[in-house]
Amino acid sequence: MSVDLESLYTDLHAHPELSFQETRTAGVIARHLADLGLEVEEGVGRTGLVTRIDNGDGPVVWLRADMDGLPVEEQTGLAYASTARGTDPAGNAVPVMHACGHDMHVTALIGALERLVATADEWSGTVVAVFQPAEEYGAGSQAMIADGVLERYPKPDIVLGQHVTPLPAGTIGVRPGTQMAASDGLTVVMHGRGGHGSRPHSTIDPIVMAAATVMRLQTVVSREVDPRDVAVVTVGSIHAGLKNNIIPAEAKLELSLRYPDDAARERVLGKVERIIRAEADASGAEQTPTITTDHTLPPTINDPEATARLTGAFRRAFGETSVVDPGMFTGSEDVSWFARESGAPLVFWFWGGVDPQTFADALAGGTIERDIPTNHSPFFAPVLQPTIDRGVENLVVAAREFLG
């Protein structure tokens with residue numbers, strides 16, 4: 001009996017789990033892989049899974065899908081919308097949603113494995129399928145590598161992966177070179193001197209310090225980066241204080257920084273750190289701000305030769321107009337660690353999940369940003385079909401292109 005991929009997807013979508021907490025998800029994946037007759041190693045990198053198809057001599061192809069959800073409250077109104085709750089690393093109860101499409105990634109990879117098992121007489125080589133946790137923390141791939149996944153499984157001749165995105169369903173977006181930006185996540189603690197809200201003169205107010213820092217950070221991209229270059233500085237979280245008549249002793253900012261390469265990273269990081277420290281000095285802070293790097297992700301760089309080869313395969317399979325160059329995405333990914341640490345080439349592409357007519361109408365009306373929810377939106381909801389089927393076909397075409 002074949003896997004009911006639509007039911008699998010809606011089940012995963014309704015039951016998302018936060019990074020490194022994907023235990024139910026892992027159990028669902030393991031059961032489906034066992035039904036395909038595949039051996040599964042669970043608990044790799046805490047909650048990840050790995051399986052393999054050994055099919056004679058030939059190249060080794062790694063296929064990767066991530067599987068964690070996000071602390072977002074779903075507002076899609078779908079019959080299978082998530083109402084799940086979870087606990088974040090700080091111990092806070094939060095809503096959880098598959099707002100980035102990782103449920104679609106898992107579904108597509110399981111469907112592709114089913115197809116590859118069924119057509120094993122048509123190809124040779126080894127397929128290693130990696131179901132990775134904690135992509136949203138930028139930590140899952142390195143956790144699996146630290147757990148020895150590259151030692152216990154055949155080294156890849158190529159690493160392949162894909163991501164659903166707000167393109168028209170049936171469209172593939174891929175480009176050689178930098179496909180996704182590098183990023184750093186920073187936590188910044190601004191240290192002040194707390195006191196009574198009626199006596200601000202006796203304090204060093206970290207809220208004012210933090211507010212000034214947030215505003216000044218906006219000038220990094222607008223005034224210090226060449227307009228022809230790409231950089232993003234986002235302050236995504238600010239926390240300070242517990243009561244209206246207490247000036248707190250500290251304020252915490254959480255930053256997301258994006259850049260296309262290591263040279264740009266060094267420049268932007270230097271500017272950000274300079275501003276944070278300067279604003280603290282300007283506020284008379286008695287302690288230097290604490291800047292902690294929570295994660296660092298390298299740019300996702302597609303191997304030019306392998307990308308050209310796969311682009312040709314996609315066009316032969318789906319038509320010349322089915323593949324577009326989407327430009328560099330300023331989002332970031334940790335898939336490239338598998339390729340970097342193994343010395344293998346990488347090809348990572350995007351595939352569309354938006355109803356083509358809906359996308360065309362929004363494009364014609366100039367309302368893409370308003371009407372087409374993007375990844376991490378509480379309204380993000382890929383259409384089931386043809387998104388699922390094309391996600392499966394993409395992986396099968398890609399794997400078969402590089403297998404014997």
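Which residue in E18 is the bridge partner of Ile172? The tour below ends there.

This is a predicted model, in which local features need pLDDT of at least 70 and side-chain atom pairs count only at pLDDT 80 or more, while totals for chains, interfaces and linings use all residues. Residues are numbered from 1 along each chain as its sequence is written, and side-chain values use heavy atoms, leaving out hydrogens and water.

Select the whole protein chain. Its C-alpha trace spans about 80 × 50 × 40 Å along the principal axes. A compact globule of 404 residues would have a radius of gyration near 22 Å, so the 23 Å of the protein chain agrees; the radius is taken over C-alpha atoms, and the rule is 2.2 Å times the number of residues to the power 0.38.

Next, colour by burial. Of the 404 residues, 53% are buried, meaning under 20% relative accessible area with a 1.4 Å probe, protein chains only.

Switch to a cartoon view. The protein chain has 12 helices and 18 strands; these are DSSP runs numbered from the N terminus, with at least four residues (H or I) for a helix and at least two (E) for a strand.

Now pick out the open sheet of 8 strands, with mixed pairing and the order E1-E2-E6-E3-E7-E18-E8-E17. Its edge strands, E1 (40-44) and E17 (323-324), each pair on one side only. Two strands pair if DSSP finds at least two bridges between them.

Finally, select residues 172-173 and 346-354. These are strands E8 and E18, which run antiparallel and are joined by 2 bridges. Here Ile172 has Trp351 of E18 as its bridge partner.

Terms used: Buried < 20%, exposed > 50% of the residue type's maximum accessible area, 1.4 Å probe, protein only.
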